[in-house]
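Reader: I am new to reading protein models, and I would like to learn with a real example. Could you show me one and walk me through it?

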Amino acid sequence: MEGDGSDSLVTIKNIERELICPACKELFTHPLILPCQHSICHKCVKELLLMLDDSFNDVGSDNSNQSSPRLRLPSPSMDKIDRISRPGWKRNSLTPRTTTFPCPGCEHDVDLGERGINGLFRNFTLETIVERYRQAARAATAIMCDLCKPPPQESTKSCMDCSASYCNECFKIYHPWGTVKAQHEYVGPTTNFRPKILMCPEHETERINMYCELCRRPVCHLCKLGGNHSNHRVTTMSSAYKTLKEKLSKDIDYLIGKESQVKSQISELNLLMKETECNGERAKEEAITHFEKLFEILGERKSSVLKAIDASKKLRLDKFQTQMEEYQGLLENNGLVGYAQEVLKETDQSCFVQTAKQLHLRIQKATESLKSFRPAAQTSFEDYVVNTSKQTELLGELSFFSSGIDVPEINEQQSKVYNNAWINWHHPEKDKADSYVLEYRKINRDEEMLSWNEIEVCGTSKVISDLESNCNYAFRVRAYKGSICSPCSRELILHTPPAPVFSFLFDEKCGYNNEHLLLNLKRDRVESRAGFNLLLAAERIQVGYFTSLDYIIGDVGITKGKHFWAFRVEPYSYLVKVGVASSDKLQEWLRSPRDAVSPRYEQDSGHDSGSEDTCFDSSQPFTLVTIGMKKFFIPKSPTSSNEPENRVLPMPTSIGVFLDYDKGKVGFYDMDHMKCLYERQVDCSHTMYPAFALMGSGGIQLEEPITATYLEYQETM
């Protein structure tokens with residue numbers, strides 16, 4: 001039994017982290033359950049509300065905007081705390097009572113509603129565990145009897161009904177046999193007394209007997225009948241107790257079953273910590289070595305520069321000294337002048353002439369130097385100023401990457417997404433990287449951030465397949481040189497098409513006019529050869545003549561599901577119509593005789609054609625939009641502005657068409673931003689085909705599906 005008690009003590013002490021209030025950072029005292037299901041001390045809630053209410057009334061004060069609920073809170077007076085906890089408390093008629101504050105546990109805003117603190121449940125279970133922890137921590141401290149006369153005896157049991165602790169003698173006196181008190185519930189000595197029955201904070205006289213599954217909190221029958229939970233799904237307390245206990249037990253059993261795995265991972269983390277410690281110290285040593293080399297080089301350069309300056313200084317000073325000695329010789333009784341004065345005393349003419357000639361030349365030279373004084377050397381050391389601007393700039397950019405590899409950059413212009421994603425990047429030091437790791441993940445706003453998927457790549461581009469439709473994906477890349485890894489590049493966000501890509505080619509049989517249209521061998525590009533045939537028939541052209549559209553369709557039809565395809569319209573195109581049309585409508589357009597002189601059956605006249613301006617109210621078996629002269633023309637609509645400036649958009653580089661056959665809806669997209677430009681209903685009671693029409697000069701290129709072959713082709717380009 002002693003061993004069991006010791007294990008219990010260790011277990012209680014090990015959960016101390018779970019028993020700390022996130023606001024005051026101390027053991028919970030009368031914890032309350034917030035609507036976000038986190039717990040906080042009763043006193044801390046009051047302090048938070050009081051602090052925020054003071055902030056509301058004194059926005060400019062220093063104490064009103066810098067406090068954090070995660071920090072230890074200042075303790076206001078008990079009088080203020082008591083006033084704020086009373087129902088209906090207000091500071092004055094103009095100041096609303098604060099009931100919203102950020103939860104210290106999750107930082108989400110918590111609204112206590114009209115009842116404020118009184119609407120919160122007390123977490124008795126947590127309170128009991130905290131008390132158990134306190135008792136384990138102060139096992140040597142006894143709980144004394146509350147009823148003994150001084151000096152009190154050590155208590156042996158506590159009565160939960162009386163909320164008091166008793167020694168054996170006092171318990172017998174106050175709970176005599178044969179009385180109602182003898183039936184009271186008693187436990188071991190404790191200071192934590194909790195009520196036997198939980199009462200509803202909304203309806204204080206009602207017992208808690210149900211559990212609201214939506215709000216995840218206990219409620220009473222009045223809450224369900226006419227309170228805030230009247231339209232919520234509730235269950236009985238026994239059912240909720242059983243369900244939650246089973247879930248908690250399963251979770252605990254799962255964690256216990258994974259204990260060896262957890263221990264193994266803890267051991268791995270310990271090894272990783274030690275490895276990190278060693279690698280960190282090694283990195284510091286390497287950094288110190290590099291800096292010491294720099295210091296050594298700087299020391300050598302400093303020594304050589306100072307020696308050069310000293311040598312130049314000495315040479316100049318020597319020159320100045322020699323010049324100064326020469327000038328001192330010109331002074332009376334000094335040097336040359338004194339010597340000349342002595343020569344003048346010579347009386348022998350022959351001796352005088354012999355000496356005076358040379359002396360006279362020296363005096364003349366000294367006289368000339370006096371007339372044009374010039375220092376023997378420069379005093380400035382401008383040529384010896386050390387230029388360290390480049391080196392200073394380089395040292396300022398000194399970083400961990402200088403000895404590694406540069407960060408690769410994703411090329412946003414070349415990277416694209418269609419049926420797959422093609423990510424292209426470039427690296428400033430391409431030859432120095434051994435490989436790259438491309439990471440991508442789906443951006444899900446409703447769920448937690450998904451983990452990154454990694455793909456090792458040898459080149460500088462990669463095709464990513466199996467991406468979900470109509471989703472945002474983030475891409476980034478990093479380079480590797482041996483064990484050295486560069487930081488990740490800036491993330492590129494791409495939005496996948498709203499539906500799977502529909503593959504087709506242009507149909508060279510159905511309605512194809514080879515006199516006006518030119519189809520390439522791959523059947524993924526068509527051009528309109530306008531002009532030549534019109535010139536041949538120029539004599540037929542009269543006033544009122546309308547040139548007809550030349551249609552071409554896809555070779556595969558659609559009978560169900562969602563589909564998406566894309567194409568590029570050449571910038572020089574004069575008029576191009578693109579969209580979808582049903583099989584019966586195409587037969588009408590392609591096989592019915594046309595009157596070339598009358599506009600009645602002209603395909604773009606709006607009478608009996610693919611004109612987008614007809615049939616506003618009912619869905620029609622076709623929808624075509626007009627593109628031309630580098631513009632995208634949105635069809636007229638009865639529900640939006642039909643002003644030209646609102647209907648004319650710049651032509652996207654690539655245009656996508658999304659057809660939802662089952663819902664009878666078609667949309668036109670800007671592929672660069674995967675943005676829907678126009679959407680409307682369409683009658684899909686028959687097989688639907690991608691439809692195109694050209695008039696005048698123009699060209700259409702179907703987007704090529706992104707495959708490994710596509711990647712190889714792009715790399716060769």
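Reader: How many bridges join E15 to strand E16?

Author: Let me start with the ground rules. This is a predicted model, in which local features need pLDDT of at least 70, side-chain atom pairs count only at pLDDT 80 or more, and totals for chains, interfaces and linings use all residues. Residues are numbered from 1 along each chain as its sequence is written, and side-chain values use heavy atoms, with hydrogens and water left out. Helices (H or I, at least four residues) and strands (E, at least two) are DSSP runs numbered from the N terminus, and two strands pair if DSSP finds at least two bridges between them. In this case, 5 bridges join E15 to strand E16, residues 453-457, and the two run antiparallel. Within E16, Asn453 is the bridge partner of Tyr440.

Reader: Which strand do 9 bridges join to E15?

Author: That is strand E18 (residues 472-481), also running antiparallel to E15. To find the pairing in the picture, look for Ser435, which stands opposite Tyr480 in E18.

Reader: Is strand E15 mostly covered or mostly open, and how many of its residues are buried?

Author: First the scale: buried means under 20% relative accessible area, exposed means over 50%, and partly exposed lies in between (1.4 Å probe, protein chains only). By that scale strand E15, residues 435-443, is mostly covered, with 8 of its 9 residues buried.

Reader: What is the order of the strands in the open sheet of 3 strands?

Author: The order is E2-E1-E5, and the pairing is antiparallel. Strand E2 (39-41) and strand E5 (121-122) are at the edges with a single partner strand each, so one side of each has no neighbour in the sheet. Strand E1 (residues 31-33) is joined to E2 by 3 bridges, and Pro31 stands opposite Cys41 in E2.

Reader: Now the side chains. How many salt bridges does the count come to?

Author: The general idea is a distance rule: a salt bridge is a side-chain nitrogen of Lys or Arg within 4 Å of a carboxyl oxygen of Asp or Glu. By this rule the count comes to 18. One of these pairs Glu412 with Arg490, whose closest N and O atoms are 3.3 Å apart. These two residues are 78 residues apart, Glu412 in the loop between strand E12 (409-410) and strand E13 (416-417), and Arg490 in the loop between strand E19 (484-485) and strand E20 (492-495). Glu412 is partly exposed, at 45% relative accessible area, whereas Arg490 counts as exposed at 67%.

Reader: Which residue does Arg478 meet in a salt bridge?

Author: Its partner is Glu454, at 3.4 Å from N to O. Arg478 is buried, with a relative accessible area of 11%, but Glu454 is exposed at 51%.

Another pair is Arg523 and Asp555, with 3.5 Å from N to O. Arg523 has a relative accessible area of 21% and Asp555 has 31%, and each counts as partly exposed. Salt bridges can also share partners: Glu439, Glu454, Arg476 and Arg478 are joined into one network in this way.

Reader: Which residues touch the most other members in the largest nonpolar core?

Author: A nonpolar core is a set of buried Ala, Val, Leu, Ile, Met, Phe, Trp, Tyr and Cys residues joined through side-chain atoms within 4.5 Å. The largest one here has 45 residues, and Phe564, Trp565, Phe567, Leu659 and Phe692 touch the most other members. Strand E24 (residues 562-569) gives the largest share of this core, 5 residues.
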